[in-house]
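Let me put the sequence and the model up, and then I'll talk you through a few side chains.

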Amino acid sequence: MTTRDLTAEQFNDTINGNDIVLVDFWASWCGPCRAFAPTFAASSEKHPDVVFAKVDTEAEQQLAAAADIRSIPTLMAFKKGKLVFNQPGALPPAALEELVQKVKDFDIDAAIAAQEGEPES
């Protein structure tokens, strides 16, 4: 699986239509963003069950503003449409792999139930 470019029009459908989505907010002028791109792409090859999406903050300024992006790169992870990770800065390959595994292992249903005060089933 390769990375896909994400526009504002596609954002909600992508986040809500896939189990796990990692979103890299970047810009072409950003050195750390360009340095992180190969790491992000390599991880996408290892995890075909995860959507790896990229948002060009220059082309998608309204989406970047709506996502409250203050510095780039910023990486967000969504599971079943819920934001479970949001952190600025490029991650080294091992840290990105650890993040992907943690998101896969995270029980979002139990977390939602706990937030809503429901007993776990």
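This is a predicted model: local features need pLDDT of at least 70, side-chain atom pairs count only at pLDDT 80 or more; totals for chains, interfaces and linings use all residues.

I'll go through the disulfide, then a serine, then the aromatic rings.

How many disulfides does a search of the whole structure find? It finds 1. The partners are Cys30 and Cys33, with their sulfur atoms 2.4 Å apart. If you're wondering about the cut-off, the pair counts because the sulfurs are within 2.5 Å. Are the two cysteines buried or exposed? Cys30 is buried, at a relative accessible area of 4%, and Cys33 is buried too, at 3%.

Next, the serine. Ser44 sits in helix H2, which covers residues 31-46. Its relative accessible area is 0%, so it's buried.

Now the rings. The count comes to 3 aromatic pairs. Take Phe11 and Phe78: the ring centres are 5.9 Å apart and the planes are at 85 degrees, so this pair is edge-to-face. The edge-to-face label applies because the angle is over 60 degrees. Where do these two phenylalanines come from? Phe11 is in helix H1, residues 8-17, and Phe78 is in strand E4, residues 74-79, so the pair ties together parts that are 67 residues apart in sequence. Both ends are out of the solvent by our cut-off of under 20%: Phe11 counts as buried at 10% relative accessibility, and Phe78 counts as buried at 8%.

Then there's Phe36 with Phe40. Their centres are 5.7 Å apart with the planes at 45 degrees, so that pair is tilted. Phe36 and Phe40 are 4 residues apart in helix H2, so about one helical turn separates them. Phe36 is buried at a relative accessible area of 2%, and Phe40 counts as buried at 0%. Bring in Phe52 and you have one aromatic cluster made of Phe36, Phe40 and Phe52.

How values were computed
Residues are numbered from 1 along each chain as its sequence is written. Side-chain values use heavy atoms; hydrogens and water are left out. Buried means under 20% relative accessible area, exposed over 50%, partly exposed in between (1.4 Å probe, protein chains only). Rings of Phe, Tyr and Trp (its six-membered ring) pair if their centres lie within 6.5 Å; planes under 30 degrees apart count as stacked, over 60 as edge-to-face and the rest as tilted.
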